[in-house]
Amino acid sequence: MINDLPAGLTARHPDAADHLRVLAVLDRWWGGLKGEAGAIERALLLPRLYFQHFTTTSFLVERSDGELSAFLVGFMSQSEPDVAYVHFVGVDPALHGQGLGRALYRAFFALVRAHGRRYVHCITSPENTASQAFHTRLGFMAAPTRPDYDGPGLDRVAFTVDLGRSPTRSARRLRVLDEVLAVEHHPGLREPRDDDWLALVRAPEGLTVIRAAGSSTSSTDRWIALYDADPNHGLDEPGLLAAVLTPLARAAIPVFSASTYHADLVLVPEQRQDQALAALRSAGYEIS
């Protein structure tokens, strides 16, 4: 199941019988981090349901005598179709530095990538600096510590890695169009009355017109447009739309889009421009 494990170790998917075995090693493997409160917190993070309903995306590593060496509990998001999540990972401290944790993550990445997942998320506590350093070495990007992320006093550091990024492939480039745009909806209009527009979308409910914003356009109705700076890719290659919407959605930025044969036009509110561009740059885009 995992080909690059240290000698003498084997991996399999866990089952319900492994639940108590995993709970039994948590406090020792974490060195009593955060005392009794930390022990309770870790145990509560791993109820039996993870060993019943998330087994095919989780891994357990054992020595030849059956002693537990490591585990990874992960799953694929039901809400975000391109996201997977690593919930809990543990490695016997006696095996640290042998690449076991990295092997588990690589196996999980390969599994979820085969199911069309591009992004992997996980969290750790601010006190767990070793975990933060490990995830950074794996290519995860950390967000600032989020107070009360899991409840009062339970601060967390959130990480994301983009499995679609390749060091040998140049960053995707986006261009911000010069004009500020407005989006109009005309329920009864079948044809535009002029040719002063950038894009048209005709649908059963009427005509949507994207055109340059005028002096009378309110500040809440003004949009900036992002366009693929290298749009001439084949139709079998992923376009801008799916890749660009995910970081914008994570930043809670509204979008409006219109597709072309070669690329996609993505609009974001002018008032959110700085936040939108920062989110896209963090996701690896070059913007001109």
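View 1. Six of the seven residues of strand E11 (residues 206-212) are buried, where buried means under 20% relative accessible area, exposed over 50% and partly exposed in between (1.4 Å probe, protein chains only).

The model shown in every view is predicted, with local features needing pLDDT of at least 70, side-chain atom pairs counted only at pLDDT 80 or more, and totals for chains, interfaces and linings using all residues. Residues are numbered from 1 along each chain as its sequence is written, and side-chain values use heavy atoms, leaving out hydrogens and water.

View 2. His 19, Val 22, Val 25, Leu 26 and Trp 29 are buried in helix H1 (residues 19-29). They lie on the same side of H1 because they cover an arc of only 135° around the axis, the arc being that of the directions from the helix axis to the C-beta atoms. The face turned away from this buried side carries the exposed residues Leu 20, Ala 24 and Arg 28. The buried residues of H1 pack against helix H2 (35-44), helix H3 (50-53) and strands E2 (59-63), E3 (68-76) and E4 (83-91), contact meaning heavy atoms within 4.5 Å. Just after H1, Gly 31 takes a positive phi of about 60°.

**View 3. The open sheet of seven strands.** The strand order is E1-E2-E3-E4-E5-E7-E6, with mixed pairing. Strand E1 (9-12) and strand E6 (141-142) stand at the edges, each with a single partner strand, so one side of each has no neighbour in the sheet. Strand E5 (residues 119-124) and strand E7 (residues 157-162) run antiparallel and are joined by six bridges, with Thr 124 opposite Val 157 in E7. H1 packs on the sheet, touching E1, E2, E3 and E4, and its direction makes about 110° with that of E3, whereas helix H5 (residues 129-137) touches E5 and E7 and makes about 15° with the direction of E7; axes are lines fitted to C-alpha atoms, for helices over the stretch in contact, and angles run from 0 to 180 degrees between N-to-C directions.

**View 4. Surroundings of Arg 156.** Arg 156 is placed in the loop between E6 and E7 and is buried, with a relative accessible area of 5%. The side chain of Arg 156 makes a polar contact of 2.6 Å with that of Glu 41 and another of 3.1 Å with that of Asp 150; a polar contact is a pair of N or O atoms within 3.5 Å, of which, within protein, one must be able to donate a hydrogen and the other to accept it, and residues adjacent in sequence count only if both atoms are side-chain atoms. Leaving aside neighbours within four places in sequence, the residues in contact with Arg 156 include Ile 123, Thr 124, Pro 144 and Tyr 149.

Note on methods. Helices (H or I, at least four residues) and strands (E, at least two) are DSSP runs, numbered from the N terminus. Two strands pair if DSSP finds at least two bridges between them.
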